[in-house]
Each structure stands twice: as structure tokens, then as C-alpha cells.
Amino acid sequence: MAPKKLRRARLSQELCERLSRYQITTCQDFLCLSLLDLMKVTGQSYRNVQKLLCKVSLACAPKMQTAYEMKVRRAVNPSSAFLSTSLHGLDKVLHGGVPCGSLTEITSPPGCGKTQFCIMMSVLATLPVSMGGLDGAVIYIDTESAFSAERLVEIAGNRFPAYFDSDEKLFSMTRSIYLYRELTCGSVLKRIKSLEEEIISKKVKLIIIDSVASVVRKEFDTKLQGNLTERSNFLARGASLLKYLAEEFSIPVILTNQITTWLSNGLAIQADLVSPADDLCLSEGASGGGKRESGSVTAALGNTWSHSVNTRLILQYHDLPTRQILVAKSPVAPFSAFFYTVEKSGFVLQETDSE
Amino acid sequence: MQRDVGSLPLAPALRARLVAAGFQTAQELLDTGPCGLSKEIGISKEEALEALQVVRQECHSDATQTAGAPGTSRKCTALELLEQEQAQGFIITFCSALDNILGGGVQLTKITEICGEPGVGKTQLCMQLAVDVQIPECFGGLAGEAVFIDTEGSFMVDRVVDVATACVQHCQLIAEAHQEEDHLKALETFSLESILSHIYYFRCRDYIELLAQVYLLPDFLSEHSKVRLVVIDGIAFPFRHDFEDLSLRTRLLNGLAQQLIIIANDHKAAVVLTNQMTTRIGQSQSTLVPALGESWGHAATVRLIFHWDNNQRLATLYKSPSQKESTIPYHITVSALL
């Protein structure tokens with residue numbers, strides 16, 4: 001999204017030439033100047049400069065829609081507003097499933113099942129709309145080399161045996177999952193930038209990045225000076241690019257994150273606490289009243305990242321083999337927790353008696 | 001009439017020529033007339049006429065200000081202000097504890113800032129206010145419309161539908177209990193559709209779109225004169241990354257704050273901003289503070305901070321010109337913030 005050139009804001013040719021002599025070529029440069037500066041560079045009176053400002057702003061400002069129009073558009077194709085996770089309890093609480101058009105984060109300690117969840121969602125996205133899928137391709141950016149195609153086929157075959165009854169169907173499903181292995185932050189960012197064209201050409205309906213945390217934490221050591229801002233910049237740029245893609249094409253984006261520990265004595269980064277559900281020892285009732293045992297855990301990547309994701313699901317261990325999935329942050333759902341196990345067919349929710 | 005030529009809002013080149021030609025006051029310009037001016041400075045008669053019209057308008061508005069004519073000037077006595085403040089309404093939030101600490105609700109003509117950690121309920125409150133501002137007057141509302149500027153993409157239509165449905169039901173219950181004529185008439189126009197149609201939504205992806213939209217807001221508000229609430233959800237997000245030049249950021253933010261204050265005053269609207277929290281690393285511990293720096297703290301008149309205490313959400317009134325500092329608990333339910 002390069003900044004718009006002034007010529008496209010319908011300013012006159014001679015004005016554009018005059019402004020380019022002062023190195024003002026884009027709308028961004030124009031709007032960042034104060035009114036007095038603008039009068040100086042354009043050579044126009046106060047009133048004319050205000051009119052010019054309105055003209056340039058009109059070229060840059062977003063279009064208005066009323067909330068009613070948005071609702072009507074949603075109602076026209078309701079199935080395209082969510083990607084069902086095929087976990088009934090979770091879907092109900094989330095009003096349909098993983099929302100399209102926003103970022104969803106799955107975070108957990110190692111081994112809880114983030115990659116399994118991502119593989120399961122990839123299968124679901126390729127299913128036809130009648131079965132709750134999005135009938136589209138999947139872009140899977142793998143930074144940990146944890147994706148297993150065999151597991152993908154196993155989940156598909158066991159979860160939907162009636163649909164994937166032939167090898168032909170399995171192969172066509174695997175053909176629509178595009179896997180990219182990126183091992184550095186720079187290459188991940190480059191890949192995200194190139195996704196816009198891929199989404200259109202391959203009819204992609206789901207983007208998965210597994211995992212953001214591993215590649216960021218490998219490269220940025222937050223104890224070194226300057227790295228914290230670099231890291232935040234990278235994360236913020238990645239988040240805004242992904243949000244743009246999610247909203248522009250109305251597709252869900254799933255990201256995975258890791259868990260980090262923080263020590264209670266010394267620099268207690270309480271800021272990383274997004275919600276009580278994030279503080280895993282709290283939700284297990286281990287400590288309370290502000291007392292933190294040393295080695296408490298919370299989601300990694302810091303505060304700014306937590307602001308950027310719209311939905312956050314946390315996986316954690318319960319009594320093996322049962323684990324727990326929590327909805328920690330969601331604009332439509334309250335805190336909820338479900339128990340699940342990881343089977344051959346992927347995630348299986350344990351139905352509680354109260355259901 | 002004694003206004004100095006150098007202070008007139010003319011094009012800089014023209015101004016420089018006038019000063020170089022020896023003109024000192026605006027009165028001299030007006031006495032010379034367009035033809036004389038064009039001959040002396042060497043500009044065309046049309047340009048001279050235009051310049052004189054600008055000068056005349058400036059001097060006229062100066063004169064009315066010194067004469068004390070109401071309307072164009074921005075001064076009044078404290079008594080007039082008191083009457084205005086008492087008559088003006090608040091936007092209620094349906095959370096009585098929150099309304100109490102705010103002194104009745106979100107005030108019009110002031111900027112209210114809501115800071116909080118992610119997931120604490122800032123967007124929920126904004127969506128609720130966008131619905132509450134539309135409550136008809138007979139139910140205690142303002143019967144206004146709302147502008148929602150979203151920079152983070154967290155506006156969920158489904159959630160607004162939930163809140164709006166609950167609000168309509170709530171008003172219906174009141175109408176049934178009281179059975180008054182104007183209640184029932186107001187309910188005819190207060191429906192889910194009308195509420196949603198009067199929330200004007202703008203999605204700004206970066207700070208340029210946000211700046212452009214705020215420049216265009218006064219015209220938009222003049223066209224839609226019933227707007228009583230402007231929400232900017234996520235004023236921090238577009239300014240927190242990709243900004244190497246911090247002084248530019250401070251200047252843009254200050255300009256934005258000034259424009260919003262002018263909008264709030266001129267159109268009698270409430271401006272609500274949401275801000276993020278950032279970590280400030282101190283010597284022995286790190287604390288959470290509102291983002292965007294110290295100078296931004298001066299922009300908002302009223303500041304609310306939402307935070308957690310164990311499993312309870314709390315709201316603290318941190319800065320207010322008329323209410324004292326206090327903290328209250330609140331919940332987020334299916335229908336509202338309580």
C-alpha cells in the first residue's frame with residue numbers, strides 16, 4: 001500500500017510540479033504539513049489551502065458505510081462470516097466459529113496441540129460450504145517445520161470418512177493446501193506482502209502462520225537495547241498487513257503464539273497479562289491476590305501484539321490426556337473453557353454434563 | 001482596521017509584494033481600491049479584487065468580534081455556560097456505577113479517553129455508546145446519531161446487533177410500564193434497523209486515512225447535524241508503529257486533538273477515543289501506562305482507565321474536571337456493559 005501520489009488526488013498539474021520541487025509528492029507528505037507550511041509551498045491563500053486540504057483528504061479518506069449496510073451484507077451470505085471449527089461447543093460460544101476478516105491467535109505451552117489445530121482447520125477450510133467449510137485453498141506458512149502431510153491425510157480420513165471416501169478426494173484436498181517454509185522474520189514479512197496476488201489467483205480462503213513467536217523470539221533478544229522497538233515494529237507491520245488481507249478478502253487468519261515465563265522477582269512484566277485467562281496459574285487457582293509464584297506463564301510477544309489480535313484462544317494441559325481450550329479474548333464471546341483430547345481425527349471436545 | 005498587512009491570510013507571495021511595496025495596514029489596501037492596487041503591485045485586476053475581498057472579510061469579522069456580537073465569537077459569561085451545561089444531556093452507558101462516577105454519563109462537547117489493556121472492554125463500551133446515543137428523548141436519551149471511526153478492525157456488527165436488540169427491549173419494557181403516548185410513538189421509529197442505519201462507520205487503515213477523515217469530519221457533521229457522538233476506536237494503533245520521527249507524531253497528534261476539540265464544541269458532540277496501554281520499564285518494576293506519551297495525556301478532558309484485578313474488571317476515573325477519582329467494578333454481559 002504505497003502512499004498515494006498527489007496527481008491521483010486530482011490536483012492540477014502545475015500545483016503538483018510546484019510541490020514536487022519541495023519533495024512533496026504523495027498525499028502523505030501533503031497531509032503531514034501544517035497549514036502555514038502548506039501556504040508557503042503552494043503559494044495560495046488560507047481559504048484556498050483549506051479547499052486543497054479537503055480535496056486531498058477526499059482522495060485518502062475511507063468510504064462511509066452504515067452499520068445496517070454491514071449487517072445486510074453479512075446476512076446475504078451468513079456462512080462466509082465464520083469458519084466453523086467443527087467443535088460444537090466452541091462454535092456456539094464464538095457465534096459460528098473462527099471469524100472471517102480478523103486475526104485469531106492460538107497460544108499454548110509446547111505440545112498442547114497448536115499445530116494439530118492448524119492442520120485440522122486446513123482440512124476444514126477445503127471442505128465445501130454445505131459441510132461447513134469455505135471451499136477454498138489454504139496458505140500455510142510454517143516457521144518451525146512442524147507440518148506433517150501424513151497427519152493431514154489421517155485427520156481428513158478419520159474426521160470425515162464419508163466425504164473422503166476415495167484417494168482422489170484426499171489428493172485434491174492436499175493439492176489446495178500451499179505450504180511455505182520461512183525461517184526468518186524478513187522472509188515471513190516478504191511472504192506476507194506477496195500474499196495479496198496469491199490469494200486472488202489461487203482462491204485462498206484461509207491463512208495460517210505457525211508460528212509467529214518462534215521466528216520472532218529467535219531473532220530479537222528483548223534484553224538488548226533497541227531490539228524491543230524493532231520487534232514491535234516488525235510485529236505491528238505484520239499485523240497490519242495481515243489485517244488488511246483478512247478484511248479485504250473476508251477470510252480468517254490464524255496465528256500461533258508461544259507461552260513465555262516471567263519471574264516474579266526482578267522485572268515482572270505484568271504488562272503481558274492480557275486477561276485473567278491468560279495467566280494460566282490463576283485459572284488453575286494456584287495463586288491469587290496479586291501474589292505470583294516464580295515462573296508464571298503468559299502469552300509471548302508482548303502487549304502491542306495482544307492489542308493487534310482480535311480473538312485469542314488458549315490451549316493448556318489439564319489431566320493428561322485431557323486438555324483445555326479457553327476463549328481468552330473475543331469481541332463476541334465471554335470467557336469459556338472446554339475440555340478436549342487429541343485423537344486420530346484431530347480435536348475431540350469432551351461433552352460436559354451441563355451441555 | 002489597523003490590522004497589519006503581514007498578518008492577513010493572503011498568498012505568501014502576494015503578501016511579500018504588498019509589504020515590499022510599502023503597505024502597512026489593511027485600511028490602506030481598502031482605500032487604494034483594486035485598480036490602484038493592480039497598477040502598483042503589478043498583478044491583474046481580478047487578483048487584486050480577490051485579495052481585497054479577503055481583506056474586507058477579515059476586517060469585518062475582526063470588527064464584529066470587538067463589537068461583541070454573539071455567534072461568531074467564542075466568549076460568554078460563566079453563568080451562560082452553567083445554564084448550557086445543566087441543560088445539556090449526557091450519553092448514558094447503562095452501567096449505573098460508570099454513569100455515576102462520570103457524573104451522569106459521557107459528556108457532550110468534551111473528549112473522553114478510554115485506556116485499557118487488550119480485551120478489557122473498550123470496544124464494547126464504544127459500541128454500547130453508539131447505540132445509547134440514539135435512545136429517544138422521552139426515554140432519557142439524546143436521539144442522536146453516531147460516527148464510528150475504526151482503526152483496528154475490531155467493530156463486530158453482530159455484537160452491535162446484540163446490544164441494540166437489548167436496548168430496544170429495555171425501552172419497550174419502560175414504555176409498557178408507563179403507557180405514555182410519546183413513549184409509544186418514539187418506539188415506532190426506534191428499531192434495530194434505524195439504530196444500525198444511524199451508525200456511520202469508517203475504517204481507517206493507517207494514520208493518513210485517519211488524518212484525512214478528521215479533516216473531512218466537520219463537513220460530514222454539518223450534513224448530518226444529528227450526530228452527537230464521534231468514536232475513534234484505536235487512536236493509538238496507527239501511530240504506534242512505522243514512526244521514526246517522534247516529533248512529527250507529536251505534532252500530528254496535537255493537531256488531531258485540537259481539531260477534535262473544535263468538532264466537539266461546534267457540533268455539540270461527545271468525542272470518545274480509545275487508547276492502548278504500554279509498558280514503562282522502571283528501575284525495579286514495570287508499570288502499565290496509557291500509550292502515545294505524556295503530552296497526549298493533556299488532549300483528553302476525561303480519562304477512564306479499564307483494568308483487571310484478579311477476575312474482576314474495574315474502571316477508574318483518572319482525570320476529570322468535575323468528578324473525583326474513583327474506581328468501580330463492571331461486567332460485560334450479552335446485552336451490555338453493566
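How many residues of chain B are in contact with chain A, and how many residues of chain A do they meet? In this predicted model, 63 residues of chain B are in contact with 61 residues of chain A.

Let's start with confidence. The model scores ipTM 0.73 and pTM 0.79. Chain B averages a pLDDT of 83, and 93% of its residues score at least 70.

One stretch of chain B calls for care: over residues 68–72 the pLDDT is below 50. Beyond near neighbours in sequence, this stretch has two contacts in the model. Where pLDDT is low, the predicted coordinates should not be read in detail.

## The buried surface

Putting chain B and chain A together buries an area of about 5300 Å². Carbon and sulfur atoms give 62% of that area. On the chain B side, the residues that lose the most area to chain A are Pro118(B), Met156(B) and Tyr215(B). Together these three account for 12% of what that side buries.

## Polar contacts and the make-up of the chain B side

Across the interface of chain B and chain A, 11 residue pairs are in polar contact, with both residues at pLDDT 80 or more. Which element gives the most to the side of chain B that touches chain A? Helix 10 (residues 207–223) of chain B does, with 10 residues.

As for residue types, the side of chain B that touches chain A divides into 30 nonpolar, 17 polar and 16 charged residues.

## Salt bridges

Over all chains, the whole structure holds nine salt bridges, and the count between chain B and chain A is three. Side chains of opposite charge can pair when their charged atoms come close.

Strand 1 (residues 64–66) of chain A and strand 5 (residues 199–203) of chain B run antiparallel, and three bridges join them. Which residue of strand 5 of chain B does Met64(A) stand opposite? Met64(A) faces Phe202(B) there.

Key. Residues are numbered from 1 along each chain as its sequence is written. Chains are lettered from A and ligands numbered from 1 in the order in which they are written. Side-chain values use heavy atoms; hydrogens and water are left out. Contact means heavy atoms within 4.5 Å. Buried area is the accessible area (1.4 Å probe) that two parts lose on being put together, summed over both. A salt bridge is a side-chain nitrogen of Lys or Arg within 4 Å of a carboxyl oxygen of Asp or Glu. A polar contact is a pair of N or O atoms within 3.5 Å; within protein, one must be able to donate a hydrogen and the other to accept it, and residues adjacent in sequence count only if both atoms are side-chain atoms. Helices (H or I, at least four residues) and strands (E, at least two) are DSSP runs, numbered from the N terminus. Ala, Val, Leu, Ile, Met, Phe, Trp, Tyr, Cys and Pro count as nonpolar, Asp, Glu, Lys and Arg as charged, and the others, Gly among them, as polar. Two strands pair if DSSP finds at least two bridges between them. pLDDT is the predictor's confidence in each residue, from 0 to 100.
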